[in-house]
Amino acid sequence: MGLIRLYMTMSLDGYVAGPGDGVDAPMGIGGFRLFNWLDRRNDPGPNRQVFSELMSTRAVISGRRTYEHAGRWQGDHHDGIPVFVLTHDVPGDPPPGSVRYITDVDECAARARGDGDVLVHGQGRRRRCCVPDTLTNWNCTSYRSCSGRADGCSTTCQRSTSSSACSGAWPLQGSENPRST
Amino acid sequence: MSKTVLYMSMSVDGFIAGPNDGPDNGLGDGGHRLHEWFLPDADADHTGAADHLVGVNRELMDELMATGAVVAGRRTFELVGGWNGDHHDGVPIFVLSRQQPADRPQWPAVRYVSDVTRAMDLAREAAGGKDVLVHGALTARLALAACVLDELQLHLVPVLLGQGRPLFDDMSPGRAELEPLRALDGPGVLHLRYRVRPAG
């Protein structure tokens, strides 16, 4: 079974966007610096390897905020694979392309999971505890999960091998979870 | 010429200590996890810590122990009992502190300095051509802000502490480019080295 994996470009001090980010400035002030490496995503070596892995995923899970900031990927993230957007507030207009809106995090994970790996987009700042199976950090060292909104919840999840420790967590599979040891 | 190098173990979410760190709990709750790569028994006493290390981890510890002077923040210095006045090999220790403590032990290798640039200058002079080991998150941030930190040697530990004391906290706004120098994959830890590029 495929894994649910967060792909995230991050600065060494843990930021995934600059200050003042919003729909008009999706990466915030100076934040596009983080994506410089994508200019060389097709060069032989680690950049191409990681980018090809990303493009080989067979479903996408995204937060609503990331989705809107990215212009909804015009309905197609890559290869027309299903895009599951987590949102509390389903938009009134029909979703574009291969996008589906989901309000429940467990349902989202269950529907996205299949034979291939699942690409997770977004830091889940306003979510409950969004813990994917694996983290692939680019460019970087650190990943600030759940940004404090989850309070004690995130800590519990990351040390647990069970999804029951934290309601709203992605299903964690003990044998697949690299942080379970 | 001597370089000033921060050596720091950090979690993937950027913490260098767990929550509730203080005098009797130097690394905070759960923070010993960050030092397991060189102290498997979570012993706070660093003496002889490197003896059991092999491979890349040993290499890193040997580099650290080959530095010719130490600059430490007062908080870090006091949390570790001032290393009893000897961090390693009796090299000079410069403690960054706004005030001279009134009742400090009289350790010959230890000197208190109130200005980070002055501390780094003194340490470079004293290091005899070797590098300067920088200890402490606040000291590192002050040195970064004053453009007197040459390199970051981070030991990235594959754990999310969730909360605690972040290394890069309360930073001044603005971007600081780093030049990746080295990434060494050691048992239980990834050693990342960066050169801090001069401002301007």
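Which residues of helix 1 (residues 55-65) of chain B are buried?

Modeller: The model is predicted, so local features are reported only at pLDDT of at least 70 and side-chain atom pairs only at pLDDT 80 or more, whereas totals for chains, interfaces and linings use all residues. Residues are numbered from 1 along each chain as its sequence is written, chains are lettered from A and ligands numbered from 1 in the order in which they are written, and side-chain values use heavy atoms, with hydrogens and water left out.

The buried residues of helix 1 of chain B are Asn57(B), Leu60(B), Met61(B) and Leu64(B). Around the helix axis they span an arc of only 95°, which places them on the same side of helix 1 of chain B. Buried here means under 20% relative accessible area, exposed means over 50%, and partly exposed lies in between (1.4 Å probe, protein chains only). Helices (H or I, at least four residues) and strands (E, at least two) are DSSP runs numbered from the N terminus, and the arc is that of the directions from the helix axis to the C-beta atoms. An α-helix has 3.6 residues a turn, so residues three or four places apart point the same way.

The cover over these buried residues of helix 1 of chain B includes strand 1 (4-11), strand 6 (132-135), strand 7 (151-157), strand 9 (178-186) and strand 10 (189-196) of chain B. Contact means heavy atoms within 4.5 Å. Strand 10 of chain B contains Val189(B), which counts as buried at 4% relative accessibility. Leaving aside residues up to four places away in sequence, Val189(B) touches Asn57(B), Trp37(B), His155(B), Leu156(B), Val157(B), Pro158(B) and Leu184(B). From Val189(B) to Leu154(B) the separation is 35 residues in sequence and 9.7 Å in space, C-alpha to C-alpha.

The next helix of chain B to consider is helix 2. Over all chains the structure holds 7 aromatic pairs. One of them joins Phe77(B) and Trp107(B) edge-to-face, at 6.0 Å centre to centre and 80° between the planes. Phe77(B) lies in helix 2 (residues 74-79) of chain B and Trp107(B) in the loop between strand 4 (93-96) and strand 5 (110-113) of chain B, so this pair ties together parts that are 30 residues apart in sequence. Phe77(B) is buried at 2% relative accessibility, whereas Trp107(B) is partly exposed at 21%. Phe77(B) also pairs with Tyr112(B): the ring centres are 6.2 Å apart and the planes stand at 90°, so this pair too is edge-to-face. Because Tyr112(B) belongs to strand 5 of chain B and Phe77(B) to helix 2 of chain B, the pair ties together parts that are 35 residues apart in sequence. Both Phe77(B) and Tyr112(B) are buried. Rings of Phe, Tyr and Trp (its six-membered ring) pair if their centres lie within 6.5 Å, with planes under 30 degrees apart counted as stacked, over 60 as edge-to-face and the rest as tilted.

Ring pairs link Phe77(B), Trp83(B), Trp107(B) and Tyr112(B) into a cluster. Within it, Trp83(B) sits in the loop between helix 2 and strand 4 of chain B and is buried, with a relative accessible area of 12%. The phi of Trp83(B) is near 50°, a positive value in a residue other than glycine. Most residues other than glycine have a negative phi.

A positive phi, near 60°, also occurs at Cys147(B), which follows helix 4 of chain B. Cys147(B) is exposed, at 52% relative accessibility. In helix 4 (residues 137-145) of chain B itself, the buried residues are Ala137(B), Thr139(B), Ala140(B), Arg141(B) and Ala143(B).
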